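Me: I would like to learn how to read a model of this kind, going from strands to helix to core. Could we take the features in turn, with the general idea ahead of the case?

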Amino acid sequence: MRQQGRTVIVVCTATFVALTLTPGSSAADPHSKPTLDQVQRRVEHLDRQAEQASERFNTIREQLKTTRARLSAVRADFSRQRGKVTRMQDDIAALVVAGFQGSSLGTTASLVLSNDPDQFLRTLSTVESVADTQSRMFTRYLRLKQGLDAKQAQLRDEVDAIRAAKVDMAKQQATINKKTDAAEALLSSLQAAQREKLAAQQDSTSAGQSTTTTTTTGNTPQVPASGRAKIAVDFALAQLGDPYVYGAAGPDAWDCSGLTMGAWGAAGVYLPHSSSMQYSYGTPVASSDLQPGDLVFFYSPISHVAIYIGGGQVVHAPHTGDVVRIAPMSEMPYAGAVRPG
């Protein structure tokens, strides 16, 4: 097993403090002592909040990449078109001058006084043609300039909105971290017997969650898979024991979508670093038709993803304080599945 994450005792206690500070909490009384059941319930609640915030942050980051690429393309296009616009401006200016001269007294007089009907019609046709060309070019110029300006403004607004959302997510995670830091101080106030009991309960829970019905060699199960799915599954299983870290995508730490992105990336299949976005990257699969390598999604809205390995089991990066491990699908509320590739 690789480096372990923080002990769940600290996280559990941190969560309890965070939530006991909220109005209406039954443990808001500073003289009351939290029970172990209360600590465990509250840590599950905060873990979910933390992972939801992390996955929303990942989604925003992926959207920002796409928006920046689009904005870069528009800027490059605008740069190429700027030369055309400049030349059009020169042409329009020349036409304006020509049109003005054609409408001058000399031209008008020559038309009126001309004794040659053919010359009169040719001159009149030239004036009308210049005016018509001038009008078309000016209209085309305005449309081009307005279209490019609108597109650039739209993308700029989109980038600003995503950046604002990213800042907001960072604030949410900072709040969670602040509560966790404050809660760690409560750990020392718990009686030693409580801490030992909590640790024993956590060890027992982890042992039960790590069991698998597949054939194993050592601590790593041998999963029946082939092709790209086998590469993805083997990659994910090779990360067992790596710690969960917000926003991490390897090589020694992961969040849920970072692990699935890395696993399928090793198989040559691109996935965005976002559980909700990954749900659109593959063929939908019914729960009864799951095969090893399929991506399984949880919660509503989707905020967690894992890799199916057979026998109702998945490998995933659960949450802060935990490590990449194998768990039963039934441990979390199922939302759907897709088959990448």
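Predicted model: local features only at pLDDT ≥ 70, side-chain atom pairs only at ≥ 80, totals over all residues.

Me: What is the order of the strands in the open sheet?

Reply: The general idea is that strands of a sheet pair through backbone hydrogen bonds, either parallel or antiparallel. Here the open sheet has six strands in the order β3-β8-β4-β5-β6-β7, with antiparallel pairing. β3 and β7 stand at the edges with a single partner strand each, so one side of each is left without a neighbour in the sheet.

Me: Which residues stand opposite Gly336 and Val338 in β8?

Reply: Pro284 stands opposite Val338 in β8, and β3 and β8 (residues 334-339) pair in the antiparallel sense over two bridges. Phe297 stands opposite Gly336 in β8, where strand β4 (residues 295-298) pairs with β8, again in the antiparallel sense, over four bridges.

Me: Moving to the helix, how many residues does α6 have, and what should they span?

Reply: Helix α6 covers residues 227-238, and at 1.5 Å a residue its twelve residues should span 16 Å; the end C-alpha atoms are 17 Å apart, which agrees. The buried residues of α6 are Ala229, Ala232, Val233, Ala236 and Leu237. Seen down the axis of α6, these buried residues fall within an arc of 130°, so they line one face of the helix.

Me: What covers the buried residues of α6?

Reply: The cover includes β2 (220-221), α7 (256-266), β5 (304-310), β6 (313-316) and β7 (325-328).

Me: Which residues of the largest nonpolar core touch the most other members?

Reply: In soluble globular proteins, nonpolar side chains tend to be buried together. The largest nonpolar core of this model has 26 residues, of which Leu237, Trp264, Leu295, Ile307, Val315 and Val324 touch the most other members. At least two residues of this core are supplied by each of α6, α7, β4 and β5, and the largest share, five residues, comes from α6.

Me: Is Ile309 buried or exposed?

Reply: Ile309 counts as buried because its relative accessibility is 0%, and its place is in strand β5. The C-alpha atoms of Ile309 and Gln222 are separated by 9.2 Å, although these residues are 87 residues apart along the chain.

Me: How many aromatic pairs are there, and where do the members of the pair of Tyr270 and Tyr281 lie?

Reply: The count comes to four aromatic pairs. In one of them, Tyr244 and Tyr246 have ring centres 5.8 Å apart and planes at 85°, so the pair is edge-to-face, the term used for planes over 60 degrees apart. Tyr244 counts as buried at 4% relative accessibility, whereas Tyr246, with a relative accessible area of 24%, is partly exposed. The rings of Tyr270 and Tyr281 have their centres 6.0 Å apart and their planes at 70°, so this pair is edge-to-face. That pair links distant parts of the chain, with Tyr270 in the loop between α7 and α8 (275-278) and Tyr281, eleven residues apart from it, in the loop between α8 and β3 (283-284). Tyr270 counts as exposed at 54% relative accessibility, while Tyr281 is partly exposed, with a relative accessible area of 35%.

Conventions
Residues numbered from 1 in each chain as written. Heavy atoms only, no water. Expected span 1.5 Å × (residues − 1). Buried < 20%, exposed > 50% of the residue type's maximum accessible area, 1.4 Å probe, protein only. Arc of directions from axis to C-beta. Contact = heavy atoms within 4.5 Å. Phe/Tyr/Trp six-rings, centres within 6.5 Å; stacked < 30°, edge-to-face > 60°. Pairing = 2+ DSSP bridges. Core = buried A, V, L, I, M, F, W, Y, C linked by side-chain atoms within 4.5 Å.
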